Amino acid sequence: MGLRIKNLSFLQCLQLLLCLSLEVHLSRGSDTILPGQSLSGNQTLASPDGSFELGFFRPGNSQRHYIGIWYKNLPNQTVVWVANREHPVTDPSISALKLSEDGNLVLLNQSGDEIWSTNSTEKVSNSTIAMLLDNGNFVVREASLPSGVIWQSFDYPTDTWLPGGKLGYNKLAREKQFLTSWRNPQNPAPSLFSLGVEQNGTSHLLLWNGSETYWTSGVWTGKIFSLVPEIQLNFYVTNMTYVSNENESYFTYASAIPSAFTRFMIDSGGQLRQFVWRKGFNKWALFWTRPTQQCEVYAFCGAFSVCNQQKEPLCNCLQGFEPKSQEDWESEDHTDGCVKKTPSCNSEGKDTFLLMRNIRLPVNSESLAAESIEECKLACLNNCSCNAFAYDNGCLIWKRDLFNLQQLSPVEEIGREFHLRIATSELTETKHKGKKKTTLIVVVTLAAFFTSSILVLLMMWRRRSANANEQIEDSLVLFKYKELRNMTKNFSEKLGEGGFGSVYKGSLPNSTPIAVKQLRSLQQGEKQFYAEVKTIGMIQHINLVRLRGLCAEDSERFLVYDYMPNGSLDSHLFQKTGKTLEWKIRFLVAVGTAKGLAYLHEECRDCIIHCDVKPENILLDAEFNPKVADLGLAKILGRDFSRVLTTMRGTRGYLAPEWLSGEAVTPKADVFSYGMLLCEIISGRRNSDYLDIGLEDYFPFMLANSINKGVDVLTLVDKKLEGNANVEEVSRACKVACWCIQDDEKDRPTMKQVFQILEGVSDAGTPGVPRFLQQLAETRPETIFYSED
């Protein structure tokens, strides 16, 4: 063997040493693959600055392996690009990613078969290299020419759009650059949801199956997308740019904060999300989402299923149907939807129709001439391809697979009756199950009755009281007037009085304190009564006052709420004597109030605009946690914000400019009111108190000018605090307040962005002085605001 070694040429020995050293170097995280070299097993590439890493990975609990790119130093692996999405390998130790002599990257599986390649047709020399860059882009280029890129992963994104990446169209290759979601967190194979740029346009579109648009950004104006104006307030994105030339057209963007990571991705549920990670974070923070509701994603639950935003799980197969793939369904992959349990088509008693109420009807219906619902039903029953019908000012039938059914709440006016075709045996089986269940309930009830008779006798007085209350609207209790009179000791302890009536303190039979609101007039009270019952009664949030029940007897109208022992915010902010509300609590109130309003605007099924945000409507519990109260002026809007609210009024000093001009009122009107409220939280005084004295002491004007002049923000804080406040929190609060009261609603942040800025998740630049404040110097101050009737 020694003779054989001596016979090796010097060049061969050098090549052998280079290969051996390369294998060690790759295992330590090189950033480059040279021609003829490969990457296997646990070997990885790392970008020069250590931000990204490339190698084999295994998603979740899957036993399949893929070549991918992820953030290198984050605690939870976050994959941003996958090469072999549809062709995993089972053993990465004997599989290899190789840079071939012709300049192509190829992935060989354990059998040596080529399962993925860059497929570059460009003729190159043997001097190419593959390199992972600091921005997460994996490129094949000429070794001596950094700009000579032959292939790059940024031209072939998977589900993630990184800063510097492209979304658009390669005119030379005639290829679209778009995002496609994973099938599920365990499987990166392409799903049916995608994000791309409109062909021959500039709008970003979310598509199902490449054809059905379920969200659009609107056209690019050069600064913003017409339907995503909030991008101007996206503090993690800068230089959003549209490039169009003879070779390509695409969008790209840069990260505004070098020390932070940000990324857009289309998740397996079809929602477009922006995440951020900053120093000190222990997980990704969700910054922005579209669509905001999961059930707004077209066909999220697949065929023959229904999506219900109010319940978990969101997706359920229609009655008589079952998941096509139970394994996929359990992994939250609903792509394949559901199939009939009993395939049949017969008009002679084997098929029937199941009535489903409050349904958002699916698309792709066909119209039939029918004079009645029975005629429509018979027409569908006699057609084997008819899967469902609806009779709503005419006969509609559905012949193809049913997609995008949504179960709506009873208060939503767009819900319709939907008749689903199922096998009669399925409906009969359901009835039998119902009868068995009813029999069991009766037996158990009788047993419980005899067992509890003694207890009932002992607790008769409680039973009488409880028996008088009726559950309505799920969690709400219908009280009798006599009960409320007893609970409030004949309405003897008044807590306060507002525009719609008085509030009294009371106690439930179990001694739980409550606040009972008596509506002042029947005409005005009924409007607020039904508005609040339909809104507050359906929502639950830690920063919203809980509505327990109501009373409606004759002309009497009452609402029963949880009692807040620390009263309203104004009683603490504006008192001249007593304990001063410390800054820590004020900041807690500011953040909590923003979260409560954000929930009303974005998390409820229908957007709820409060319309009367002021200190009197911010209540404080025993720990001074804020609860937004009195949705008396709120109206439920659909998510189409083009509806105009023209009949409502608010309170002097808190109204947005659009109230004066008669423009459409959107959630941004609440943002303006919140900004005025935040000014009062900072200053500890009412904005309107000094308005008539002079502009110099009008706090919103002082605040806006001070921020633009770089004045020490602690000089703006309530003098009673004697400077005891967190400077960073005060600075963020001051900027947020000024952003919120901008004249143009497009310049105001959303309430979600407000609490993200306050909590330090987002940054806020320096806002300009609102025009209406500048006008105060030229006109009488009192003319800028409404006065109450």
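Analyst: Start with C611. C611 is buried, at 5% relative accessible area. Buried means under 20% relative accessible area, exposed over 50%, partly exposed in between (1.4 Å probe, protein chains only). This is a predicted model: local features need pLDDT of at least 70, side-chain atom pairs count only at pLDDT 80 or more, and totals for chains, interfaces and linings use all residues. Residues are numbered from 1 along each chain as its sequence is written, and side-chain values use heavy atoms, with hydrogens and water left out.

User: What is the nearest cysteine sulfur to C611, and how far away is it?

Analyst: A disulfide is a pair of cysteine sulfur atoms within 2.5 Å. For C611 the nearest is the sulfur of C607, 9.5 Å away, and C611 is in no disulfide.

User: How many disulfides does the structure hold?

Analyst: Five. One of them joins C376 to C395, with sulfurs 2.0 Å apart. This pair links distant parts of the chain, 19 residues apart: C376 sits in helix α4 (residues 373–381), C395 in strand β32 (residues 395–398). Helices (H or I, at least four residues) and strands (E, at least two) are DSSP runs, numbered from the N terminus.

User: Which hand do the links of C376 with C395 and of C301 with C315 have?

Analyst: The S-S torsion of C376 and C395 is about 75°, so that disulfide is right-handed. For C301 and C315 the torsion is about -80°, so theirs is left-handed.
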